Amino acid sequence: MPTEAILNIGVLATMDEGEGPLGLRRDAAVVIDGGRVAWVGASADAPAADTAVDAGGAAMIPGFVDSHTHTVFAGDRAAEFDARMSGEPYTAGGIRSTVAATRAASEAELAARTQHLLDEALRSGTTTAEIKSGYGLDVATERRLLEVASRFTEETTFLGAHVVAPEMADRRGDYVDLVTGEMLAAAAPLARWIDVFCEEGAFDVDETRRILAAGREAGLAPRLHANQLTMSGAAALGVEMGAASVDHCTFLSDEDVDALAASDTVATFVPGAEFSTRQPYPRIERLRDAGATWAIASDCNPGSSFTSSMPFCIALAVREMGMTPAEAIRAATVGGAAALRRTDVGRIAVGARADLVLLDAPDPVHLAYRPGVQLVDRVWRDGAAATTWEPRA
Ligand code: NIG
Ligand code: FE
């Protein structure tokens, strides 16, 4: 494989060895070989490579790891957003309008829309994305969504338990049977994870426990939509079930925070959802004091958070949740990797995937300091300079 050296990086945030919480190295270089990072060190000491790029003293960070997206869907809910901004509350019910549009869409249309959203995400620095099903809610459509998701990522999640399918609204027991039976059997070969929207208007704690247990039985690892609209007990359930991550965590009790801190379960925050639903932002202080691990994700979906931009989420987390810029940048890289139980992404170290983002900025802090500005200059994904999200081989 030809090697490539990126020289003259003013500030390299490795999330690994180096100065401070971002593992900074100054006047640094990175050498890429075969899709992996082969060397990290002082630019002056960089070994010869087949090609070289001059970073011009700019900052570089690992590609963002977006551990929570719903990027396979059809339809549009701008009118619902508009109504919310005039005072309507967000409810789980809006999901059903996306389900109707998604069921009616062809696989080619769904794939094209997903490609478009992932291209957009890549241009703002995302190089790893988890993708959920959950807008099909019948066996054939859930399978189709996972087929599309699998074309783009190995981090696929079966979310048949997003809400009860509209045609089974008065037969929720039968729907849980379907999700844990035939639908799970169809989804399992295409998914790594199982997720449940555990919330008022979706699934309660007992139903969620049953669905996650069935998923585990079928070889899928649990993660959860938890404590988004209420203090539902879902975060505690996630810890109990060994979930890799409990996501949203808009409302956490002190007991939830302590349980998270004592566990391997990551708390994943999605401040784009608080933005887009006008909910209060959760604060980070209690998690920081308790020593919990947290991540930030986009939750990119047409209802509650229609952004693919991790820099936007970082800026919100800093301004509205009390994170320092370093905490937010870690949460969007190495934190997202922890939420996916990955160590090969989210950091820049020898052997890690060469997923790199060169910023049009002298310091990573600019990601929060210059909100809304396109600061991503160049992206390498899997070792290759990329302007579009290559589907998997
Ligand atoms: O993460 N909470 C459940 N699912 C999505 C929203 C889905 C929708 O409104 O379409 C979320 O917020
Ligand atoms: Fe979500």
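A cavity here is a set of points, on a 1 Å grid over the protein atoms alone, where a 1.4 Å probe fits but cannot get out. A molecule sits in one if more than half of its atoms lie within 2 Å of its grid points. In this structure, the space taken by ligand 1 is the largest cavity.

This is a predicted model, where local features need pLDDT of at least 70, side-chain atom pairs count only at pLDDT 80 or more, and totals for chains, interfaces and linings use all residues. Residues are numbered from 1 along each chain as its sequence is written, chains are lettered from A and ligands numbered from 1 in the order in which they are written, and side-chain values use heavy atoms, with hydrogens and water left out.

**Around ligand 1**

Ligand 1 has 15 residues around it (a heavy atom within 4 Å). Arg77, Tyr90, Tyr135, Gln228 and Ser304 are the closest. Here are some polar contacts, meaning pairs of N or O atoms within 3.5 Å:

| Side chain | Atom of ligand 1 | Distance |
|---|---|---|
| Arg77 | oxygen | 2.6 Å |
| His162 | nitrogen | 2.7 Å |
| Gln228 | nitrogen | 2.6 Å |

On its own, ligand 1 has 320 Å² of accessible area (Shrake-Rupley method, 1.4 Å probe), and the protein covers 100% of that.

**The iron site**

What holds the iron ion (ligand 2) on the protein side? Its donors are His68 (NE2), His70 (NE2), His225 (NE2) and Asp299 (OD), at 2.1 to 2.3 Å. Donors are N, O and S atoms within 2.8 Å of the metal (3.2 Å for Na, K and Ca), and since water isn't among the atoms, sites may look incomplete. Along the sequence the spacing reads H-x1-H-x154-H-x73-D. His225 sits in strand β12 (224-226) and Asp299 in the loop between β15 (294-296) and α11 (310-321), so this pair ties together parts 74 residues apart in sequence. Helices (H or I, at least four residues) and strands (E, at least two) are DSSP runs, numbered from the N terminus.

Buried residues of α11 include Ile314, Ala317 and Met321. Just past the helix, Gly322 has a positive phi of about 90 degrees.

Elsewhere, Thr153 lies in the loop between α4 (139-152) and β9 (156-161). Thr153 is buried at 2%, and its side chain reaches the backbone nitrogen of Glu155 at 3.0 Å.

Terms used:
A polar contact is a pair of N or O atoms within 3.5 Å; within protein, one must be able to donate a hydrogen and the other to accept it, and residues adjacent in sequence count only if both atoms are side-chain atoms. On a 1 Å grid over the protein atoms alone, a cavity is a set of points where a 1.4 Å probe fits but cannot get out, and a pocket is an open set with protein on both sides within 12 Å along at least five of seven lines; lining residues have an atom within 4 Å of a point. Buried means under 20% relative accessible area, exposed over 50%, partly exposed in between (1.4 Å probe, protein chains only).
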